[in-house]
Amino acid sequence: MANAAEGRRQVLESVYSVIALVFILVACVELCDASTVVDVYRLIQYDISGVPFGSRVASLNHHAGSSLFAPGSDLSRTVVILPLRELNETFIREYIEQGKPLGGLLLLLPRIFRSENSETVGGYGDSSDKENMKKLLVDLERRLIHASINYPVYFAFEDEDLDTVLADIKRNDAAGQPATATTGGYKLIVTSPTPKKLASPTITNIQGWLPGLKADGDSNQLPTIAIVASYDTFGAAPALSVGSDSNGSGVVALLEIARLFSILYSNPNTRGKYNILFGLTSGGPYNYNGTQKWLRSFDQRLRESIDYAICLNSLGSGEKGLWVHVSKPPENAYVKQIYEGLSNVAEELGLEVGLKHKKINVSNSRVAWEHEQFSRLRVTAATLSGLSVAPNLLENAGGLSDNREFVSEAAVVQSVKLVAESLARHIYGQQGKDVNIFADNSSLAVNPSYIRSWLDLLSRTPRVAPFLSKDNAFIMALKKELANHVVEVNLQHDVLDGIFTFYDSTVNTLQIYQVASVTFDLLLLLVLGSYLITLFSFLVITTRGVDDLISLFRRPPSRKVKSV
């Protein structure tokens, strides 16, 4: 009896193990056929004075759908895969601005917006097509960063795998068979923890000098001219915000100007009687917060020594001309001097330069241009830009469409010639004279190869300040490059203005699975179960007989409690 009971127990344990294995196999049926794995970039999540903006969720686990969904469909458990070219006003208004429920949104960007290879991809030979796609993306990005969205939003780039998946999804949607737990289809999964706030994000300013030459016995401080450019960016996806034009072009121009003047200042015979201060500032998209803190770190003597400052911004879009933005009236002597110096050289270069005057509202802390932070401290300054109108807060600051594809290298070269020549004529007292200090094919010629290499690097480097550490490799590279041309290069670390709060989880991995329907799962379970029951019965009968098989399903006799 003991041996029979032990055998029965072993058989039952085997049955339970097999049944458990069956359930595990069936539960894994949905996840056994991975179609593709891609890198995806999450929509930025941030707060301004506690008000939430951007996508508030990171994890994703829903079936996929396309733009062919029927009107009135419940998409609260559907991830819509939407190529940029298929966007329409109705979708943007309902699901982005009005916050209609959605399981998730995967936006597919054309390959021309991929920073690594924007110059080599094909399919957009017509420049008008490129410009139309850029305008569409700029408008979408503006709406995304100013909305608070309660579902995950990710960006990815079109490729063959995603195109194949999307085509299959569209076929099913067009046939009236959208992906569900019942019908099967594709499931999109992003596994990500809840995004956390970035604690005390830092901003880092980089400063360097070219000291001027004092006359013998001159104890007075030399006047100073400042050349400034903000280097960081902001966009809908922090991991894609390279800002080739805003403001990579300004950074490149500053480095080339520093290189040119370092040649002049290396020789005492050609060193000017002006100090030149170079500043690469951070926090540009956030009201030029880094510029403000950098200026406030100056002592009064240094601040008073600055004749004027020229801030460089978005020079790569200035093919048709540049604008000089100022806060003081055009009649101001210093403003006239800056503008006339630039316009005279521009005329020689065949370049148009316009003047834009915008008064500062001292009661409003918001500034439109970087030079306004100088003007608030009574320092004469101007911004030279390819933009005729100041962008709104957090807009036109190096977003998704601002990559190498849309930056004119020739425009940056022309801008460098313009600033360097007008600056040199002022320093050496050559205003109004027919001289060309930085003539082509001379030792002081602007170097297009240098400009191109730095534009390429900046166009591959996302630079959203809160996600850059103090010792970030890019910041160290900028410091090293500036130190090759100027002296007393140092870093200034500070904390970003507290009204801005940012969250992590900017890059994730998307797994796309082709899943079977529940009907298929149940049918598979039935077939496996029937097979295992038949196999089990056969084994028991052949080894222990029919009686043992029947006894397994017979109710055991109840135990009677003996009464006292």
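**Salt bridges, cores and a sheet in a predicted model**

Asp440 is partly exposed, with a relative accessible area of 48%; partly exposed lies between buried (under 20% relative accessible area) and exposed (over 50%), with a 1.4 Å probe and protein chains only. The model is predicted, so local features need pLDDT of at least 70 and side-chain atom pairs count only at pLDDT 80 or more, while totals for chains, interfaces and linings use all residues. Residues are numbered from 1 along each chain as its sequence is written, and side-chain values use heavy atoms, without hydrogens and water.

Asp440 meets Lys417 in a salt bridge (3.1 Å, N to O). A salt bridge is a side-chain nitrogen of Lys or Arg within 4 Å of a carboxyl oxygen of Asp or Glu. The two residues lie 23 apart: Lys417 in helix α10, Asp440 in the loop between α10 and α11 (448-458). Helices (H or I, at least four residues) and strands (E, at least two) are DSSP runs, numbered from the N terminus. Lys417 counts as buried, at 17% relative accessibility.

The structure holds 19 salt bridges. One of them joins Lys130 and Glu405, with the closest N and O atoms 2.4 Å apart. This pair spans 275 residues, from helix α3 (residues 127-145) to the loop between β16 (381-385) and α10 (409-427). Glu405 is partly exposed at 21% relative accessibility. Arg404 forms a salt bridge with Glu409 at 3.1 Å between the closest N and O atoms. Both Arg404 and Glu409 are buried.

Nonpolar residues were examined next. A nonpolar core is a set of buried Ala, Val, Leu, Ile, Met, Phe, Trp, Tyr and Cys residues joined through side-chain atoms within 4.5 Å. The largest core has 62 residues; Phe261, Phe278, Leu280, Leu312 and Leu482 touch the most other members. Helix α5 (residues 244-265) gives the largest share, eleven residues. A second, separate core of 47 residues includes Phe53, Met133, Ala236 and Phe406. In soluble globular proteins, nonpolar side chains tend to be buried together. Across the protein chain, buried residues make up 50% of the 564 residues.

The chain contains 14 helices and 19 strands. Four strands form an open, mixed sheet in the order β7-β3-β2-β18. Strands pair if DSSP finds at least two bridges between them. At the edges, β7 (148-149) and β18 (500-502) each pair on one side only. Strand β3 (residues 51-55) runs parallel to β7 over two bridges. In this pairing, Ser55 stands opposite Ile149 in β7.
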